[in-house]
Structures are given as C-alpha cells and as structure tokens.
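Open the model in your viewer and follow the stops below. Each one says what to select and what is there.

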Amino acid sequence: MLEADQIDRLFALLGAAAPEENRPAPRDRAIEAKLGRDAFGSLVGVVLSAQSRDAMTALAKRQLLARAATPEAILALDEAEIAALIKPSGLYNAKARNLKRLCSALLERHGGVVPASRQELMDLPGVGRKCADIMLRFVYGVPVIPVDTHVFRVAQRTGLAAGRTEAALAADLDCRVPAGWRWGAHMWLLNHGKRCCRARRPACAGCPLGAICERNGVGSTSA
Ligand code: SF4
C-alpha cells in the first residue's frame with residue numbers, strides 16, 4: 001500500500017490538471033434544508049444510474065419526473081407505468097419496484113424530504129454506499145469520496161486503498177485520504193480511470209502515476 005508521502009504525491013500529480021475540483025462546496029443548514037426537498041430528483045437520478053449510461057439515465061429521469069416529480073406522485077403510478085417511463089436506463093422492472101419502495105420509505109420516515117446522513121440514505125430501499133456518497137458529495141456538499149468502478153480500479157491498482165467491494169474500498173479511502181485532498185479525490189480518480197487507467201489496456205507508459213503506482217512497479221499492464 002502507498003505510504004502517506006506517496007498518497008500526497010499521487011493527488012498532487014492527479015490534481016495538477018484540474019485543481020478547481022478540490023474546492024469545498026458551500027454547506028449551510030438553510031441550503032441543506034432546501035436541498036432536502038429539491039434533492040428528490042437527484043436521488044431518483046442516482047438510483048436510475050445503476051448500470052446505465054449517463055445519457056440514458058438523464059432521459060429516463062426526465063421522462064419520469066415530467067410525469068411524477070414527487071414521492072407522492074410516483075407512488076400514485078403503477079409499477080408498469082414507472083417501468084415504461086424509465087425503460088432507457090435498463091433494469092427497469094427492478095428499478096420501478098425499488099422506486100416505489102423508496103418513495104414509500106421517504107414519506108414514512110422523512111416526510112418526503114431526502115435525508116442528509118449516509119446511514120439514513122443507506123437505510124432507504126435501493127440506496128447503497130455509492131448512491132449515498134454521491135448524494136452527500138454532489139447534493140449536500142460533504143467531502144466524501146464516492147467509489148464507482150473507475151475509482152475502485154485506480155485505487156486498487158495504485159495501492160492507494162484496498163477492499164474486495166466498492167463499499168469496503170470506500171471505507172478504506174475514508175481512512176487513508178488526507179483532508180486536504182478529499183474534495184478533489186473523487187473526480188481526479190474517476191477521470192484518471194476513464195482516460196488513462198482504463199479497465200483494458202491501461203496506458204501505463206504515459207501515466208503520470210507511473211513512478212509510484214504499485215501495479216506499474218510489478219510491470220503488469222493487464223486488467
Ligand atoms: S501506471 Fe498503469 S496501472 Fe498504474 S495508475 Fe497508471 S495506468 Fe493505472
């Protein structure tokens with residue numbers, strides 16, 4: 001695993017091209033309370049994004065929210081109608097079922113307001129650690145590091161963090177990433193995974209992390 005000075009170096013290298021990503025988001029209780037109501041659309045989008053491309057997720061979310069924009073309105077639809085509206089995002093029958101359960105739980109437990117704590121988010125049907133952390137990071141302005149497939153791969157390969165699952169690795173990242181890098185970490189790791197440290201044929205030869213990456217150190221470039 002990378003030592004503390006190597007972790008600093010990794011983020012300094014990754015962040016050099018996009019230092020603006022490391023800017024804290026404003027957090028304010030009044031904004032949070034407002035977002036708690038407006039955040040419903042974001043939560044729907046995050047749930048629909050599972051195994052779906054961004055454009056398809058956006059289309060499915062737009063179609064659903066145009067027809068029903070509140071938990072109450074979605075609960076009033078039957079599952080088949082929800083499934084038809086969100087079909088572009090894939091897995092639409094399971095997602096329709098989950099959305100009904102999610103809306104029901106939101107109304108029963110939180111009066112329809114999306115909660116702003118990880119545990120309360122994860123207690124909602126269909127919301128795992130990644131969904132909860134995306135909501136915290138991008139909607140509520142909390143400096144957590146959501147772990148998707150790209151972040152998982154880069155963190156594993158470099159030796160930044162370890163874990164058999166995305167949730168386990170997210171917990172390890174929480175312990176290992178210093179406060180000074182936490183705002184930028186998600187987008188930097190995500191973009192590095194998409195552009196350079198790809199699942200197949202990572203571009204190790206030109207990688208800025210080549211000198212500190214554990215996987216590069218053993219000379220393997222396979223996924
Ligand atoms: S050196 Fe290779 S494996 Fe390591 S981060 Fe760069 S692209 Fe990924």
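Begin with the shell around the ligand: by class, this shell has 5 nonpolar, 3 polar and 1 charged residues. Here Ala, Val, Leu, Ile, Met, Phe, Trp, Tyr, Cys and Pro count as nonpolar, Asp, Glu, Lys and Arg as charged, and the others, Gly among them, as polar. Select Arg157, Thr158, His192, Cys197, Pro202, Cys204, Cys207, Cys213 and Asn216 to show it (near means a heavy atom within 4 Å).

This is a predicted model, where local features need pLDDT of at least 70, side-chain atom pairs count only at pLDDT 80 or more, and totals for chains, interfaces and linings use all residues. Numbering runs from 1 along each chain as its sequence is written, and side-chain values use heavy atoms, without hydrogens and water.

Next, the largest pocket. On a 1 Å grid over the protein atoms alone, a pocket is an open set of points where a 1.4 Å probe fits, with protein on both sides within 12 Å along at least five of seven lines; lining residues have an atom within 4 Å of a point. Select Ser49, Ser52, Asp54, Ile134 and Asp148, which lie nearest the centre among 24 lining residues. The lining has 9 nonpolar, 9 polar and 6 charged residues. Domain 1 (4–24 + 145–217) and domain 2 (29–139) both contribute to this lining, so the largest pocket lies between them (domain bounds come from an automatic or database assignment).

Last stop: the second largest pocket. Select Leu13, Trp188 and Pro208, which are among its lining residues. By class, that lining has 8 nonpolar, 2 polar and 2 charged residues.
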